[in-house]
Amino acid sequence: DGTWYDLSDYRAAHPGGKWLLDYSYGKDVTAIFKSIHLFGQEEAAQKLQKLPVIDLDSPVLQKPNVFTADFVPPTTGREIETPFQQDLRRMLTSRFASREDFKAPLDHWVRIGLWAAATAYCWNGWFHGDVYATAALPLVHWILAA
C-alpha cells in the first residue's frame, strides 16, 4: 500500500517462516501480501500496525541488495479493484468462510498416510525385484499425488 515496514524483529515469529521475509526484503509485496492474507486481513493489518514504518529515504532501503531487477516502486496507496478480483474474492470467501474451512480434515490426512505407506511398500518391492509391487507403483504413486 506504499508503506514500508521494518520486519527485522518479526522474522522469527512470522508464520510463513523467516526465509519468506528474507526473500522479499526490499520489494513491494502489497499484491502478494493481500492475496495470501485474504482470510486474515484484519489480523495481518493489526500486526503490521505494531511494526515500525521505514521512511522511503531511509538508508535501510538504499542498500545495494535492496533494489533488484524485479523491484516494483511503492504503489500510490489506491486499491486496484477489478471485476475479476471481486468475483474471485466473493467466490473464495463463500467457499472458505473461516480458517478452519480451508484446512484438510483428519480423514484426508489418513488417506495420504495410507497411500504414502503403499507407495513406500511398492518402492521397497521394486528394490527387491517384486514384479507385482513394481507394476502397482505407478498407480499407487499417482493416487498419492492426486
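This is a predicted model: local features need pLDDT of at least 70, side-chain atom pairs count only at pLDDT 80 or more; totals for chains, interfaces and linings use all residues.

Me: Noted. How far apart are Arg-111 and Asp-107 in helix H5?

Reply: They are four residues apart in H5, so about one helical turn separates them.

Me: And are Arg-111 and Asp-107 buried, exposed or partly exposed?

Reply: Arg-111 is partly exposed, with a relative accessible area of 43%. Asp-107 is partly exposed as well, also with 43%.

Me: How many salt bridges does the structure hold?

Reply: Four. One of them joins Arg-90 and Asp-87, with the closest N and O atoms 2.6 Å apart.

Me: Where do Arg-90 and Asp-87 sit?

Reply: Both are in helix H4, residues 83-95. They're three residues apart there, so again the separation is about one helical turn. Arg-90 counts as exposed because its relative accessibility is 52%, and the cut-off for that is over 50%. Asp-87, at 44%, is partly exposed.

Me: OK, and which residue does Arg-11 pair with?

Reply: Asp-22, and the closest N and O atoms are 2.7 Å apart.

Me: What's the relative accessibility of Arg-11 and of Asp-22?

Reply: Arg-11 has 28%, which counts as partly exposed. Asp-22 has 40%, and it counts as partly exposed too.

Me: Switching to packing. At roughly what angle do the axes of H5 and H6 cross?

Reply: Roughly 155 degrees, and the axes come within 8 Å. H5 covers residues 106-127 and H6 covers 131-145. Angles over 145 degrees count as roughly antiparallel, so that's the label for H5 and H6.

Me: Left-handed or right-handed crossing?

Reply: H5 passes H6 in a left-handed crossing.

Me: Which residues make the contact?

Reply: On the H5 side, they include Ile-112, Trp-115, Thr-119, Cys-122, Trp-123 and Trp-126. From H6, among them are Ala-133, Leu-137, Val-140, His-141, Ile-143 and Leu-144.

Me: How do the contact residues divide into nonpolar, polar and charged?

Reply: The contact of H5 with H6 has 13 nonpolar residues, four polar and no charged ones.

Technical notes
Residues are numbered from 1 along each chain as its sequence is written. Side-chain values use heavy atoms; hydrogens and water are left out. Axes are lines fitted to C-alpha atoms, for helices over the stretch in contact, and angles run from 0 to 180 degrees between N-to-C directions. Helices (H or I, at least four residues) and strands (E, at least two) are DSSP runs, numbered from the N terminus. Angles under 35 degrees count as roughly parallel, over 145 as roughly antiparallel, 65 to 115 as roughly perpendicular and the rest as oblique. A crossing is left-handed if the near helix is turned anticlockwise from the far one by less than a right angle, and right-handed if clockwise. Contact means heavy atoms within 4.5 Å. Ala, Val, Leu, Ile, Met, Phe, Trp, Tyr, Cys and Pro count as nonpolar, Asp, Glu, Lys and Arg as charged, and the others, Gly among them, as polar. A salt bridge is a side-chain nitrogen of Lys or Arg within 4 Å of a carboxyl oxygen of Asp or Glu. Buried means under 20% relative accessible area, exposed over 50%, partly exposed in between (1.4 Å probe, protein chains only).
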